[in-house]
Amino acid sequence: MEAMEDDSSEVKDDHNHNYCGGKVRAVLSSQVPDGVGAPEPVCPTVPGGEPAKRQAKPWSGSPLGSKFMDSDTGSESSEVSEPDCSAASTEDKFRLDSTSKFLLNAMAVEDYRKNHWPNLEEAIDRLLIQNLSDHISVSYAQIYGYVYKCVCQQHSELLYSDLTSKISAHLQQVSTQLQASPTENLIENFNIALTEYLASLQCIIPVFIYLNKFYIESKLNRDLKEDLMKLFADHVAEEHLSKLMPLLIKAHSMPFQVQPSTMASVVKGLHSLRPEWAQLAPALFSSFIPQIHPPAVESQLPDYADRDRKLQMELSMNGFPRGDQSRKRASEDS
């Protein structure tokens, strides 16, 4: 009896409470008296008389589907789950994401056209047409914010195209106004147009600095100021250069026919737009911009002295005296 108790103490159920250990059945059968039938197995039976199969639990260690691990022996069963449909689901999800991105991009472009660009266009108009009687304030922080949002929403190319088109249209109007200007006022009016445009660029370029840094410089390998100056050269200066250059040469030969500050501003402005234009009138440009002529050489010093004497004679003939010569140091020979 004590042996039975000791052996029965080894009966342990698994986590599913299956009391079907082979050792338990052997001990019980050895202790049953002769003539008594073997005890019924503790495991439940199905209606067909066969013992119920042991419950299996899923095993997640295999990447090829879910195998099952036997609850008692720990061996893998041969049952494999059906194929996974994750690949098809991923493809469908990718298609949905692409469609969603396309719709979101279309909505973003529409939002740019309705909300962002109209505000920027209005601000550019105010900066280009600087009317002293117009005291409407312009919020540079707000303009910068619109530009920042447009660049972040991948509208840099669209914004750059709209900006250059807007400024080009303005410069075409300026060119039309200069064509209607009288010949004697062309130099002065050209100087006013150039000065106003340069002043406008001083306000436009800083608020579009984000576009310049992350699109024009990085992708186009150019600079916003250079592009906008080129627009003025193409639409305004080049259109009137054939009329403007003879007037400048004539005004340079007749002192004070045009204000010296105006002459200097126009000549320097033309040189900044296209440096090669200096070759059309080297004498004119060299009077306001250094290093237009080639470097001086020693063999040509007498020629330079003759030019200086001729210039002094022309000035004295036009009423410009040489000044008081009484305080000039006397030569050693006298």
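Guide: First, a term: helices here are DSSP runs (H or I, at least four residues), strands are E runs of at least two, and both are numbered from the N terminus. The model is predicted, so local features need pLDDT of at least 70, side-chain atom pairs count only at pLDDT 80 or more, and totals for chains, interfaces and linings use all residues. Residues are numbered from 1 along each chain as its sequence is written, and side-chain values use heavy atoms, with hydrogens and water left out.

Visitor: Which helix gives the most to the lining of the largest pocket?
Guide: That's α11, with 7 residues.

Visitor: How much space lies in that largest pocket?
Guide: About 710 Å³. Of the 20 residues lining the pocket, the closest to its centre are His-252, Ala-283, Ser-287, Leu-311 and Glu-314. Two or more lining residues come from each of α8, α10 (282-286) and α11 (301-317).

Visitor: New topic: is His-240 buried or exposed?
Guide: His-240 counts as buried because its relative accessibility is 3%; buried means under 20% relative accessible area, exposed over 50%, partly exposed in between (1.4 Å probe, protein chains only).

Visitor: Where is His-240 found, and what is it in contact with?
Guide: His-240 is in helix α8 (residues 224-253). Leaving aside neighbours within four places in sequence, His-240 is in contact (heavy atoms within 4.5 Å) with Ser-175, Leu-178 and Gln-179.

Visitor: And what about Phe-256, buried or exposed?
Guide: Phe-256 is exposed, at a relative accessible area of 61%. Phe-256 lies in the loop between α8 and α9 (260-273).

Note on methods: 1 Å grid on protein atoms, 1.4 Å probe; cavity = no way out; pocket = protein on both sides within 12 Å on 5 of 7 lines; lining within 4 Å. Points joined across faces, edges and corners; volume = space filled by probe spheres on them.
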